Amino acid sequence: MRPYLTFLFVYVMFISGLMGQEILRQSIRGVVIDQQTQTGLPGATILIPDTDPIIGTSSDANGHFKLSGVPIGRHELKVTYIGYKTYQIKDLLVTSSKELVILVELEPQVIEAGEVVITAESPKTLPVNRMALVSVKPFTIEETYRFAGTYNDPARMAAQFAGVTSGIDNRNDIIIRGNSPMGLQWRVDGIEIPNPNHFGALGTSGGPVTILNNNLMGNSDFITGVYPAEYSNALSGVFDARMRNGNNEHHEHWFQVGWNGLEFGTEGPFSKKHTSSYLLSYRYSLLALLKPLGIDVGVVPKYQDLNFRLVFSNRQYGTFTITGIGGISYIELFDERKTQNEWTFLTHGENISNGSDLYALGVAHQIPVSGGWMVKSGLSFVGSKVYTKVDSFSLAQPVSFNKAGELSQEYKVSGNIKARYIWNKKNTIETGLLCDLFQVQYADSLYARQRYKVNTHADRVFSLIRGFAQWKNTPNDQVEASLGINIQYLTLNQTWSPEPRLALNWRPGEKHTLSLGAGIMGQMQPRIMYFVVSRQPDSSSTLSNLSLRISKNAQVVAGYDYLINENLHVKAEAYYQYLYHLPVKKTLPAYCMINYGHDFFIHREYTDSLVNKGTGENYGLELTMEKFFHRNYYFLVSASLYHSTYFGYDSKQRNTAFNGNYVLNALGGYEFRVGKRKWGILSFDLRATWAGGNPYVPWNSTQTVAAGTEILDWERAYQARYPDYKRVSLRFGIKRNKPGYTLSFFVDLQYRTNYTNVYLERIDVTTGEIRKFFKMGFFPMGNWRIEF
């Protein structure tokens, strides 16, 4: 009962001071710019129409504006400018602790002869990247806070969208339309990040705890198909995350403690004389702090991360942005610290040490050039490291010995330049070049059959060079079309990959949008797979995967979006994908690399002698009904029906590992304003998920015992399925505004209705016994936060 009594106590403390206090006010400010040229628009009209009297102002010569004395609460913002579509967004949350700083991008109005009607589109449905016309879901930072069961994790938030599933509860993998999560590309401020998660394995894109801090995120795009030509080296989708700018006039701070750790953040101007700003947060594992205090928390995951963004603006030299992300993590899973009945296996145990590091630093420069040009360039460095050690011991041999180990490192230096030319209001052209220089170092070993086997060994340097060009045509306010091409060149094996893209949006009426997209997406293989060692009969070794080509995904998407009103819409998308150049193996005909990428370790994927002769098919239908937050409530219901198969070397069709066939998501929430002056907010959010079980390859117990190492039963590959997955999450919280600061507290309760949900499966190589480990059915978590 203690957690519930604690919550009741906090509830009373929050509510007790809400009565009979004076009205609190805050400022809303920002800048109004042209969406195409990114230049400020002077003289734009900015209004808050729901206040009495109406609060309004105009933008200055550089497009900047400020609205002072805005009452605390949710408000509507309306921006108008002659020759541009009206910008209107509702339910902006204004708190007492932080100025609300927003960026307003106005889209030029395309008016043909004789037309006088100006139509406006809700910014809630518009992507940040206006070149993205199909299969794109824009989202805001508030959604990462609001959705139940997301742990304030952008990846777990995306799992609620149509066409998306997650792998297992203790990871945040993003599986898009039946594709491997390896096919997802993470970008942060234009920097391509291999895996932005703690305890992440090379070649994967997910993990248990995100390194990205949602407190620094701004409006971003999540694209699930036929993305614009500027995106490349991604087979399934793109998560294009963007950090917001720090407050360039006032210093603001926050402190919070919760599931993701103990965190402190700060933002503000470097100098009041300039418009430069900083934004920074640091986080440390909460459990790692509790154990030194004598609190028994079991296995302790140790991690810490740092996120920051620095912005320096100058009218003459343009805008310079410095973005940094770093995270280190380490965990020890030692059976020797447990009783025998808690060991991984009945007669022997394992001591596993695992850690991962990620660090990324990027510098970007953007400047408008005369003649309608905008030039953006950047230079970045990304490094990642994974290290694992597995020691084994048994009743017969209590002294542990080293069973397996890995030390893998990747470093990347990237340079890019992109130019945008605004021909006129109807035509925009973009072109760009990106060069990645990789240095990879891989080393590992595994003890089996009385000897150590080396799976990977490399210290190599190579490059991936990419170029693109794309054109967007808007003949009128009802039609948008984009055409582009991306070309990739991998110097490691001189592989070329031309990838054309085409997308079209047509609005036959103000409430209806039809979309169509087609194109080819390509991705190089996980870099470590090129350097898998292949043993020859004469005891020599070769790198037989070195010639693997870039895998391709040719796809077509058709969609329909019905905007019932400005806050409610229904969307349907149907798609077909044909995947080819997938790595398969002649002597293991059921194998295909497309089935991997959602595990903590990838030693099972160290397969040699691969060839690009595999193919695959994904097709499905996605339905979404979404009510944007308005009048104190929101909801999102999504349903996905899909089929995902592949053809191995034997040309036999099989299910992929991600062919769950269906997933249903329903979530919603309501806010109550409390207190005489409506300073407090009580929020309740509910989420339910029902997903089909994924196919898997069972163990071959007989061959495993004979070989002394794990062997899968490929004759029955992906025929069996795990049980359906069902989950319900409830989140309730309190936000209280006080003069100069805001307090927040929430509790997230998760109940997994299916106790047979397997999140880890191991086989005992000495007996052939299969051990399954299950996630707990009920899992509560909380978060306390102060902003000042």
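Tutor: Happy to! Let us begin with the largest nonpolar core, which has 42 residues; a nonpolar core is a set of buried Ala, Val, Leu, Ile, Met, Phe, Trp, Tyr and Cys residues joined through side-chain atoms within 4.5 Å. Buried here means under 20% relative accessible area, exposed means over 50%, and partly exposed lies in between, with a 1.4 Å probe and protein chains only. The residues with the most contacts inside this core are F462, F531, W714 and Y718. At least two core residues each come from strand 25 (427-448), strand 27 (457-476), strand 34 (568-585) and strand 35 (588-592). Strands (E, at least two residues) and helices (H or I, at least four) are DSSP runs numbered from the N terminus.

Before going further, please keep in mind that this is a predicted model: local features need pLDDT of at least 70 and side-chain atom pairs count only at pLDDT 80 or more, while totals for chains, interfaces and linings use all residues. Residues are numbered from 1 along each chain as its sequence is written, and side-chain values use heavy atoms, with hydrogens and water left out.

Now zoom in on F531. Contact means heavy atoms within 4.5 Å. Leaving aside neighbours within four places in sequence, F531 is in contact with V440, Y442, N455, T456, H457, A458, R460, F462, L492, L543 and L546. One of these partners, F462, is also listed among the residues with the most contacts inside the core. A second, separate core of 32 residues includes F147, I193, I211 and L358. As a general point, nonpolar side chains in soluble globular proteins tend to be buried together.

On a 1 Å grid over the protein atoms alone, a cavity is a set of points where a 1.4 Å probe fits but cannot get out, and its lining residues have an atom within 4 Å of a point. Grid points are joined across faces, edges and corners, and a volume is the space filled by probe spheres set on the points. By this rule there are 7 cavities of 30 Å³ or more.

The largest cavity has a volume of about 640 Å³. It is lined by 44 residues, and M182, P194, G203, Q523 and R527 are the closest to its centre. Elements giving two or more residues to this lining include strand 11 (184-188), strand 12 (191-193), strand 22 (348-369), strand 23 (373-394) and strand 24 (401-424). Strand 25, strand 27 and strand 34 are also among them. By class, the lining has 19 nonpolar, 17 polar and 8 charged residues. In this count Ala, Val, Leu, Ile, Met, Phe, Trp, Tyr, Cys and Pro are nonpolar, Asp, Glu, Lys and Arg are charged, and the others, Gly among them, are polar.

The second largest cavity has a volume of about 90 Å³. Its lining has 14 residues, of which M131, P228, A229, S482 and R501 lie nearest its centre. Strand 28 (479-490) and strand 29 (495-509) each give two or more residues to that lining, which divides into 10 nonpolar, 3 polar and 1 charged.

M593 sits in the loop between strand 35 and strand 36 (610-630), and M593 counts as buried because its relative accessible area is 3%. Beyond its sequence neighbours within four places, M593 is in contact with M182, Q525, P526, M529, P583 and L610. M182 is one of the residues closest to the centre of the largest cavity.

S236 lies in the loop between strand 15 (220-223) and strand 16 (237-241), and S236 is buried, with a relative accessible area of 0%. The side chain of S236 reaches the backbone nitrogen of L184 at 3.3 Å.

V226 is buried at 4% relative accessibility, and its phi is near 45°, a positive value in a residue other than glycine. Most residues other than glycine have a negative phi.

Conventions
On a 1 Å grid over the protein atoms alone, a cavity is a set of points where a 1.4 Å probe fits but cannot get out, and a pocket is an open set with protein on both sides within 12 Å along at least five of seven lines; lining residues have an atom within 4 Å of a point. A polar contact is a pair of N or O atoms within 3.5 Å; within protein, one must be able to donate a hydrogen and the other to accept it, and residues adjacent in sequence count only if both atoms are side-chain atoms.
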